[in-house]
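Dear colleague,

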Amino acid sequence: MRNAWALRIRDGDARALARAATGIENRDREALDVLRELAPFAGHARIVGITGPPGAGKSTLIDSLAAAIRERKKTVAVLAVDPSSRVTGGAILGDRIRMQQHHADPGIFIRSMATRGEAGGLARATADVARLMDRAGKDYVLIETVGAGQDEIDISELAQITVVVLVPGMGDDVQVIKAGIMEIASIFVINKADQPGADRVEQELHAALGLASGTEPPVIRTVATEGSGVAELLDAIEKEEPEKTGALRSCASDLRAGVAIDHLGIAVESLATTIPFYESLGLQVGRRETVTSEKVNVAMLPAADARIELLEPSAPDSPISHFLTKRGPGLHHLALRVPDLNAAVEQLRTSGVRLLNEPRAGAGGHIYVFVHPASTGGVLLELIQESK
Ligand code: ZN
């Protein structure tokens, strides 16, 4: 690591970390460089999404949970996502109030994530700040969102474990339970469990869960204001197998692990005259097709671990025609297979790499994106994710 700022973050400098979080929220180039510099450390933290209706006591529960995590000598970052509040001159009032409780504990980082106007900005900022906390070495990242109806953040995308918080007194209003959060819950919490109606909520929950197939997630009762049940909740979180579906998968080390050469694309004047050469080497055409949108005839020849893709123009105005006129026949592109294309795309965007298209679906059901040669050492690069 050459970046001094990144080094300070890894050394546990809380102010350097806070400054990086602010910079990332503001899409500051230098701060995004820090995030990239820290990429090798990705994948350490357990990312826990905590969601539920307003009034479920999520903030209190998260404060208690953070305290329980600290008791176990682990570090934690709390990101409170609030789509209704806007940033006004830096810090948000809630931050200051919450920070006071954990004052002077460098093992807890708290940040309120507020809307910045731009569509999708909050989701992107939250994901990137969560990545920062992970790469900074935090053991837990707790992300608080308001469930049901708040579409701006898809917590199940971001978190490895999703805790859904319910409370007594929701009455017959199981809408909250039904509104799509049933499916994403890894753990249910019935908070304020000392209040009348806790049994009823649990019954309704089990009834609703009974209708769904598969194994029931754990249901834990808490009284967050007294801290009761919170240790059990932390135990349940520790026991959960973290799903690898979160945005955190975009860490560079994960990406590297699964990358393979998928194929080499070669622009040719004529498939008919080129294919016999490769056949004479023992390769065989596995698939032939015409991609009308790209105006190209394609012949795929599988080799042991990769494939050769011969590309012949199917129309005079085909991009392959232009390539042949400009450069002559030859290597047109290199295609790498990645385990998670969307994650790779985010990583590349963070790094300022120029992409030639949004990820889109190809004929084989795979998704792909092209990267400009300016970033790749001079060759057009195709990134592919096979369909599952
Ligand atoms: Zn290709």
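This is a predicted model: local features need pLDDT of at least 70, side-chain atom pairs count only at pLDDT 80 or more; totals for chains, interfaces and linings use all residues.

Residues are numbered from 1 along each chain as its sequence is written, and side-chain values use heavy atoms, with hydrogens and water left out.

The zinc ion has as its protein donors H263 (NE2), E309 (OE), H333 (NE2) and E382 (OE), at 2.1 to 2.3 Å. Donors here are N, O and S atoms within 2.8 Å of the metal (3.2 Å for Na, K and Ca); water is not among the atoms, so sites may look incomplete. Along the chain, the donors follow the spacing H-x45-E-x23-H-x48-E. Of these, E309 in strand β11 (residues 307-313) and H333 in strand β12 (residues 330-337) are 24 residues apart and link distant parts of the chain; strands are DSSP runs of E, at least two residues, numbered from the N terminus. Both count as buried, E309 at 9% relative accessibility and H333 at 3%. Buried means under 20% relative accessible area, exposed over 50%, and partly exposed in between (1.4 Å probe, protein chains only).

Elsewhere, P373 lies in the loop between β14 (367-371) and β15 (380-385). P373 is partly exposed, with a relative accessible area of 24%. Leaving aside neighbours within four places in sequence, P373 is in contact with G378, V379 and L380, contact being heavy atoms within 4.5 Å.

Yours sincerely

Note on methods
Helices (H or I, at least four residues) and strands (E, at least two) are DSSP runs, numbered from the N terminus.
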